[in-house]
Amino acid sequence: MWLSSRLQTAGVALLDCSWYLPASGRDAGAEYLSAHIPGAVRFDIDAVRDHRSELPHMLPGAAEFATAVELLGIQPADQVICYDGSGVNLSAARVWWMFRVFGHRNVAVLDGGFRSWSSATRPVQRGAVKRQPSWYGVPGVDTSLIRDRAAVEAIVAHPGAVQLVDCRPAARFRGEVDEPREGVRRGHIPGSANVPYPDFTDSKTGLLRSSDELRAVLGAQGLDPARPIVALCGSGTSACTLALAVEVIRASG
């Protein structure tokens, strides 16, 4: 595996990005301290966010993002590798997307995450890892990767040009169960399709499906990865698995 031979390589920044819904019963921080890939620092999406907003996981400002990654010892030229312990890229893809929003293109998601790494009996490490704080500088923002509420309302009002895809589980999309956060109504945005985020990975291995399989997953819902897609979910986390899948499809040609 590419990563195995580069764990101690300068310029490689490995991030444990694990996060779970409160109802899951899992504690991402405790799991990290118990076992993580050697050298990985913890990237907490509950902490690296816009703290002025009452909504969870809203994108931080460029200066706030820079401060956070500087404390993690990340530099602009680093190869950043994101992973999580979910087996379905639940939060690793979100951190991958954040780095891309702030112009850091040398970033990737570890296929299979911690599940694949540990199942292959590769080494793990206990306790917290601290990297030497770095300089990052305030990055620019790639606004092409972001859509706000007004933009989504415009898409709903004028359907056709842009595809809306909700990545929540089907029962939540259909409004059959309550949302995990109090005060959030059931249902979905009118005109949106549903592709639950676990559909992008192989349930047995946790590996991302092949580009052909990903095309088939989207095609089953009448979606075309060559056309514009806006990904949706509960708080902007699992939606990024779709962004990752589309990136893989488009890279395959």
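A polar contact is a pair of N or O atoms within 3.5 Å; within protein, one atom must be able to donate a hydrogen and the other to accept it, and residues adjacent in sequence count only if both atoms are side-chain atoms. The structure is a predicted model, in which local features need pLDDT of at least 70 and side-chain atom pairs count only at pLDDT 80 or more, while totals for chains, interfaces and linings use all residues. Residues are numbered from 1 along each chain as its sequence is written, and side-chain values use heavy atoms, with hydrogens and water left out.

The protein contains 8 helices and 7 strands. Both kinds of element are DSSP runs numbered from the N terminus, helices being H or I runs of at least four residues and strands being E runs of at least two. The radius of gyration, taken over C-alpha atoms, is compared with a globule rule of 2.2 Å times the number of residues to the power 0.38. For 253 residues, a compact globule would have a value near 18 Å, and the protein agrees because its radius of gyration is 18 Å. Along the principal axes, the C-alpha atoms fill a box of roughly 50 × 40 × 40 Å.

Burial was assigned from relative accessible area (buried under 20%, exposed over 50%, partly exposed in between; 1.4 Å probe, protein chains only). Of the 253 residues, 45% are buried. The accessible surface, computed by the Shrake-Rupley method with a 1.4 Å probe and, for residues, with only the protein chains shown counted as cover, comes to about 12,600 Å². Carbon and sulfur atoms hold 53% of that surface. Contact means heavy atoms within 4.5 Å. Among contacts with a separation of 6 or more, 77% are between residues 24 or more positions apart.

For the charges, Lys and Arg count as positive and Asp and Glu as negative, with His and the chain ends not counted. Each charge is placed at NZ of Lys, CZ of Arg, CG of Asp or CD of Glu. The protein has 26 positive and 26 negative charges, and their mean positions are 2 Å apart.

Ser5 is located in the segment before strand S1 (12–16). Ser5 counts as exposed because its relative accessible area is 55%. Its side chain reaches the backbone oxygen of Trp2 at 3.2 Å. Ser5 and Ala154 are 149 residues apart along the chain, and their C-alpha atoms are separated by 48 Å. Ser24 belongs to the loop between S1 and helix H1 (28–34). With a relative accessibility of 37%, Ser24 is therefore partly exposed. The C-alpha atom of Ser24 is 37 Å from that of His158, 134 residues away along the chain. Ser211 is part of helix H7 (residues 211–219). Its relative accessibility is 18%, so Ser211 counts as buried. Beyond its neighbours within four places in sequence, Ser211 is in contact with Val248, Ile249 and Ser252.

Gln163 is in strand S5 (residues 163–166). Gln163 is buried because its relative accessible area is 6%. The side chain of Gln163 comes to 3.4 Å from the backbone oxygen of Arg227.

Most residues other than glycine have a negative phi. His57, however, has a positive phi near 65°. This residue is in the loop between strand S2 (41–42) and helix H2 (62–71), and its relative accessible area of 2% makes His57 buried. Asn89 likewise has a positive phi, near 55°. Asn89 lies in the loop between strand S3 (79–83) and helix H3 (92–101). At 5% relative accessibility, Asn89 is buried.

Asn89 is also one of the residues touched by Thr201. Thr201 sits in the loop between strand S6 (193–194) and H7, and counts as buried because its relative accessibility is 2%. Not counting residues up to four places away in sequence, the contacts of Thr201 include Gly87, Val88, Gly206, Leu207, Leu208 and Arg209. Thr201 and Arg168 are 33 residues apart in sequence, with a C-alpha to C-alpha distance of 14 Å.
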